[in-house]
Amino acid sequence: MAKAATKAKPADKASQGSGVKLEKGKWDSRKMPTVTPHLVVAGAAKAIEFYKKAFGAEEMMRLEGPDGMMWHASVLIGGSPVMLVDEFPGMGSVGPKALKGTPVTIHLNVPDADALVERAVKAGATVLMPVGDAFWGDRYGIIQDPFGHKWSVATHVKDMTVEEIKAAMPKMSDCGSSPEK
């Protein structure tokens with residue numbers, strides 16, 4: 001008869017969300033926030049270098065297999081963890097380029113969206129939506145990294161209520177309406 005698995009203790013509330021305190025070179029999944037992006041990348045080691053240049057990422061750890069493939073890596077971007085792995089097509093693990101796109105956009109809140117997008121473009125990103133004043137009170141733009149992942153970048157510039165945001169929505173937009181309406 002199989003031995004019953006020991007139930008893991010959940011991470012304490014202090015380590016959840018913005019209170020993440022990860023230490024470089026150490027791994028403790030209990031210190032990870034509830035939701036953490038885990039990116040599949042064709043060329044994870046190159047992606048880490050791009051994220052360092054473009055976003056100021058700090059590499060926390062990497063585990064390379066004997067074949068040199070990245071089995072697991074972790075970086076911090078603005079204090080938030082992002083995990084990465086190389087593509088392993090035989091296991092159904094492929095990145096956005098193999099899929100010819102991605103429906104996912106990773107969002108970055110930063111002190112200066114314009115400066116971060118400029119830095120990312122210099123590192124090799126492509127602008128999909130130039131940074132501009134958004135109707136919801138942010139400076140906002142979208143870039144794509146050289147590995148196919150999309151990143152939205154925002155800086156809060158104006159406090160607005162939900163009612164003010166709704167009133168500021170472009171009139172020609174169907175934003176928020178469902179296809180049934």
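What does the accessible surface of the protein come to, and what share of it belongs to carbon and sulfur atoms? The accessible surface comes to about 11,700 Å², of which 58% belongs to carbon and sulfur atoms; accessible areas were computed by the Shrake-Rupley method with a 1.4 Å probe. The model is predicted, with local features requiring pLDDT of at least 70 and side-chain atom pairs counted only at pLDDT 80 or more, whereas totals for chains, interfaces and linings use all residues. Residues are numbered from 1 along each chain as its sequence is written, and side-chain values use heavy atoms, with hydrogens and water left out.

The protein contains four helices and eight strands, where helices (H or I, at least four residues) and strands (E, at least two) are DSSP runs numbered from the N terminus. From that terminus the elements follow the order β-α-β-β-β-α-β-α-β-β-β-α. Of the 181 residues, 36% count as buried, that is, under 20% relative accessible area with a 1.4 Å probe and protein chains only. Among contacts (heavy atoms within 4.5 Å) with a separation of 6 or more, 49% are accounted for by residues 24 or more positions apart.

Strand S3 (residues 70-77) has seven of its eight residues buried, so it is largely enclosed by the rest of the structure. Six bridges join S3 to strand S2 (residues 58-64) in an antiparallel arrangement, with Glu59 having Val75 in S3 as its bridge partner. Five residues lie between the strands in the hairpin of S2 and S3, where Gly68 takes a positive phi near 85°. S3 is also joined by five bridges to strand S4 (residues 80-86), again antiparallel, and Ala73 stands opposite Leu84 in S4. The hairpin of S3 and S4 has two residues between the strands, and Gly78 there adopts a positive phi near 60°.

A further four strands form an open sheet of mixed pairing, in the order S5-S8-S7-S6; two strands pair if DSSP finds at least two bridges between them. S5 and S6 are the edge strands, each pairing on one side only. S6 and S7 run antiparallel and are joined by five bridges, and Met129 has Ile142 in S7 as its bridge partner.

Helix H3 (residues 113-123) has Ala113, Leu116, Val117 and Ala120 as its buried residues. Viewed down the axis of H3, these fall within an arc of 100°, so they line one face of the helix; the arc is that of the directions from the helix axis to the C-beta atoms. The buried residues of H3 pack against helix H1 (44-55) and strands S5 (105-109), S6 (126-133), S7 (138-144) and S8 (150-156). Just after H3, Gly124 takes a positive phi of about 125°.

Note on methods: Buried means under 20% relative accessible area, exposed over 50%, partly exposed in between (1.4 Å probe, protein chains only).
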